[in-house]
Amino acid sequence: MRRRTSLPWLLALAAVPAPLVGQIGKAPVAFVHVNVVPMDRERVLADHTVVVQDGRILAVGPAATTPIPPGALEVRGQNMYLMPGLAEMHAHIPSGGAPPASVARVLFLYVANGITTVRGMLGHASHLALKRRVEVGHVVGPRIYTSGPSLNGRSVPTPAAAVRAVEEQHRAGYDFLKIHPGIQRDVFDSLAATALRLEMRMAGHVPLDVGLARVLEAGYWSIDHLDGYAEALVGAGSPVSPKESRFFGLNLAAHLDEAGIADLARATRTAGVWNVPTESLIENLLGGDDPVVLAGRPEMRYVAQDVIDRWMDRAQGLRDEIQEVDRWRFIETRRRLIKALHEAGAGLLLGSDAPQVFNVPGFSIHRELALLVEAGLTPFEALQTGTVNVAAFLGSEAESGTVAVGKRADLILLEANPLEGITATGEVAGVMYGGRWLSPEAIAEHLETLVER
């Protein structure tokens, strides 16, 4: 007997045209005369053929000598670049009472932009079923890793409640625990001990009562938004206490001692804790572009006007509250921290926190990559945060992260070389997710159905 929870995901298929719900194994696909950016090191394999069958990369070799299997679908790749699919490591997926069409919409926006893996950072029971339906090809979407429901000061107010919550999420089969603000230190200690016992990983925010040092000691899987670092950088003798922090330490901007950045980066590396900066979220809210300009970005056509209005109000409210000089000092400090973490060998992962303020799913990852380059990473180093770094983080190096024989066929075809200009990742000429090919025509046609205005 089928569980009733499967019905919404069957209904979601009505929102996705049948040609987009791809199959694997019917026939091989060959990308011919394409330039490959394998991401194993900084290089381009010019004029190659890449053959895919049964969801895996079957062959990678020079176009002149690599045979194309009989009956293969040939994708012409002259003057184009094929690279591994990207990841959104701080994603949100509609849940609970969200209409099935809303779920299908968000997942398609990710895939249409070459995002073939997402890490859902606010999980729900429905996401466990959804990830399985995506894996078997019943729903168009990226591979999903999901947290359980939020663990915060309200959901786990006591040590006993924290133990119960971790045990419940472990039994349910979630991939990790999402930590939100408000958790008290004694509660966190019980939560962390239970997570260690059950081998459940923790990721997300750094509660103020816990602090960065304790989170590093606890071995977080990842810290998101660079949370906790501003508080740890408050200079000795500052008139403002780190415990007064608001919005990732924005109100502490005038009191940050940047001399401590290198030490924090080294401590993060020693602890083996990764970071997902979500810099685009911060700079959307606080940066140089006026909210009216942000609302006019091309990808906003896929967002309802009332949502855009709320985003504009939030961004303008923060800008009115904090002086421009402090907002820019906060941004520059974060950029220096990103560069320092990278140079120290502390792992960075690509994530934008979408859909959030002016971050449209999929589109925002391309903007996040550009901001990583602005922070001082090279295009290749920025691309690593969404490919090989993700594979290392997830322990899936044998399956993903590079273009190589035997790897999963998660691929993006681009109009230009992303190693020469990071904005090339936004020039998508087709996406293969789990061996299923989405042509640029199919992507464009379905995107047109998602336009809000």
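Residues 24 or more positions apart account for 73% of the chain's contacts with a separation of 6 or more, a contact being heavy atoms within 4.5 Å. The model is predicted, so to speak, residue by residue: local features need pLDDT of at least 70, side-chain atom pairs count only at pLDDT 80 or more, and totals for chains, interfaces and linings use all residues. Residues are numbered from 1 along each chain as its sequence is written, and side-chain values use heavy atoms, with hydrogens and water left out.The chain holds 16 helices and 15 strands. Helices (H or I, at least four residues) and strands (E, at least two) are DSSP runs, numbered from the N terminus. The radius of gyration of the chain is 22 Å, which agrees with the value near 22 Å for a compact globule of 453 residues. This radius is taken over C-alpha atoms, and the globule rule is 2.2 Å times the number of residues to the power 0.38. Along its principal axes, the C-alpha trace spans about 70 × 55 × 45 Å.

Of the 453 residues, 57% are buried. Buried means under 20% relative accessible area, exposed over 50%, and partly exposed in between (1.4 Å probe, protein chains only). The chain exposes about 18000 Å², and carbon and sulfur atoms supply 52% of that area. Accessible areas come from the Shrake-Rupley method with a 1.4 Å probe; for residues, only the protein chains shown count as cover.

The chain carries 42 positive and 50 negative charges, and their mean positions are 7 Å apart. Lys and Arg count as positive and Asp and Glu as negative, while His and the chain ends are not counted. Each charge is placed at NZ of Lys, CZ of Arg, CG of Asp or CD of Glu.

The structure holds 25 salt bridges. A salt bridge is a side-chain nitrogen of Lys or Arg within 4 Å of a carboxyl oxygen of Asp or Glu. One of them joins Asp263 to Arg266, with the closest N and O atoms 2.3 Å apart. Both residues lie in helix α8 (residues 261-271), three residues apart, about one turn of the helix. Asp263 is partly exposed, at 47% relative accessibility. Arg266 is partly exposed too, at 46%.

A further salt bridge links Arg335 and Glu283, whose closest N and O atoms are 2.7 Å apart. Arg335 belongs to helix α12 (residues 324-344) and Glu283 to helix α9 (residues 279-286), so the pair ties together parts that are 52 residues apart in sequence. Arg335 is buried, at 12% relative accessibility. Glu283 is buried as well, with a relative accessible area of 11%.

Asp410 and Arg408 also meet in a salt bridge, at 3.5 Å from N to O. Asp410 is buried, with a relative accessible area of 9%. Arg408 is buried at 11%. A network of salt bridges links Arg56, Glu399, Arg408 and Asp410.

Arg297 sits in the loop between α10 and α11 (305-321). Arg297 is buried yet has no salt bridge; the nearest side chain of opposite charge, Glu299, is 4.5 Å away. Leaving out residues up to four places away in sequence, Arg297 touches Asn284, Phe358 and Arg367.

Leu294 lies in helix α10 (residues 291-295). Leu294 counts as buried, at 2% relative accessibility. Beyond its neighbours within four places in sequence, Leu294 is in contact with Asn284, Asp289, Met300, Arg319 and Phe358. The C-alpha atoms of Leu294 and Ala315 are separated by 9.9 Å, the two residues being 21 apart along the chain.
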